[in-house]
Amino acid sequence: MATDKSGEIAINMAETKASAKGTAPLLNSSKAVAAVEPPNRGAKKGLAVGDFVLRLCALGAALGATVAMGTADQLLPFFTQFLQFEAQYDDFDTFRFFVMALGIVSCYLLLSLPLSIICIIRPLATTPRLSLVIFDSMMAALTIAAGSASASMVYLAHNGNDDVNWLPFCQQFGDFCQSASGAVIGSLLAAALLVIIIILSAFALKRN
């Protein structure tokens with residue numbers, strides 16, 4: 001009887017040790033999962049936060065440029081019986097294109113904010129980031145085109161062109177030219193911010 005009891009005790013102790021050995025790795029499973037987590041997750045999340053902040057700044061610049069150009073209007077205090085001297089943005093096709101282009105860019109930047117937030121929550125997701133890179137590149141090209149075309153018109157308005165006898169008119173329409181110049185500066189600032197956003201997105205898409 002003593003032999004049987006001692007044998008049972010030995011068997012129970014062996015089973016307890018074996019079960020303890022079998023369950024020991026499960027206690028450290030959370031540490032194992034943490035070790036598998038990519039080390040660049042924090043860096044990509046930081047880039048996503050920077051993307052969101054720059055996107056807000058670009059939205060403000062593009063929207064401000066749109067409003068400044070769209071409200072550019074000046075009526076001279078003197079007029080004749082048949083003529084009234086007034087300058088509006090829609091008198092120039094280039095400025096009209098500018099307002100439409102920057103309006104599209106402003107709407108896009110506003111609609112892209114939820115995707116940017118998703119990139120903050122899931123910094124390792126590549127699909128929303130890749131979509132943003134593609135559309136950001138298109139909007140940057142549109143902004144640069146509108147800003148550069150309007151910049152040439154503002155330059156002619158300030159300095160004229162002697163070769164084609166185009167006289168400068170900003171001396172008479174100073175407020176109008178000031179609003180147009182501010183809008184062009186805002187559009188170029190928005191384009192620069194979009195280029196920086198694209199560069200940040202390219203770094204965030206890197207695997208390592």
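This is a predicted model: local features need pLDDT of at least 70, side-chain atom pairs count only at pLDDT 80 or more; totals for chains, interfaces and linings use all residues.
Me: How many helices and strands does the protein have?
Reply: Read along the sequence, the elements follow the pattern α-α-α-β-β-α-α-α. Counted by type, this protein has six helices and two strands.

Me: Which residues does the UniProt annotation "transmembrane region" cover?
Reply: The annotation comes from an unreviewed UniProt entry. In the model, the span 52–72 is 90% helix and 0% strand, and the span 97–121 is 100% helix and 0% strand. The record applies the name to residues 52–72, 97–121, 133–157 and 183–205.

Me: How far apart do the end C-alpha atoms of residues 97–121 lie?
Reply: For residues 52–72, the end C-alpha atoms are 30 Å apart. For residues 97–121, a span that is 100% helix, the separation is 37 Å.

Me: Which elements give two or more residues to the lining of the largest cavity?
Reply: The count comes to one cavity of 30 Å³ or more, and the space in the largest cavity is about 30 Å³. Its lining consists of Phe 95, Val 154, Ala 157, His 158, Cys 170, Phe 176, Cys 177 and Ala 180. The elements that contribute two or more of these residues are helix 5 (127–159) and helix 6 (174–204).

Me: How many residues of the lining of the largest cavity are nonpolar?
Reply: Among the lining residues are Phe 95, Val 154 and His 158. The lining has no charged residues and one polar residue, and its nonpolar residues number seven.

Me: Which residues touch the most other members of the largest nonpolar core?
Reply: This core holds 43 residues. Helix 3 (41–70), helix 4 (93–121), helix 5 and helix 6 each give two or more residues to this core. The members that touch the most others are Met 69, Phe 95, Phe 98, Leu 109, Phe 169, Phe 176 and Leu 194.

Me: Why does Ser 152 count as partly exposed?
Reply: Ser 152 lies in helix 5. A residue counts as buried under 20% relative accessible area and as exposed over 50%. Ser 152 is partly exposed because its relative accessible area is 39%.

Methods
Residues are numbered from 1 along each chain as its sequence is written. Side-chain values use heavy atoms; hydrogens and water are left out. UniProt positions are given in the numbering used here, feature names are shortened, and annotations may be inferred rather than shown by experiment. Helices (H or I, at least four residues) and strands (E, at least two) are DSSP runs, numbered from the N terminus. On a 1 Å grid over the protein atoms alone, a cavity is a set of points where a 1.4 Å probe fits but cannot get out, and a pocket is an open set with protein on both sides within 12 Å along at least five of seven lines; lining residues have an atom within 4 Å of a point. Grid points are joined across faces, edges and corners, and a volume is the space filled by probe spheres set on the points. Ala, Val, Leu, Ile, Met, Phe, Trp, Tyr, Cys and Pro count as nonpolar, Asp, Glu, Lys and Arg as charged, and the others, Gly among them, as polar. A nonpolar core is a set of buried Ala, Val, Leu, Ile, Met, Phe, Trp, Tyr and Cys residues joined through side-chain atoms within 4.5 Å. Buried means under 20% relative accessible area, exposed over 50%, partly exposed in between (1.4 Å probe, protein chains only).
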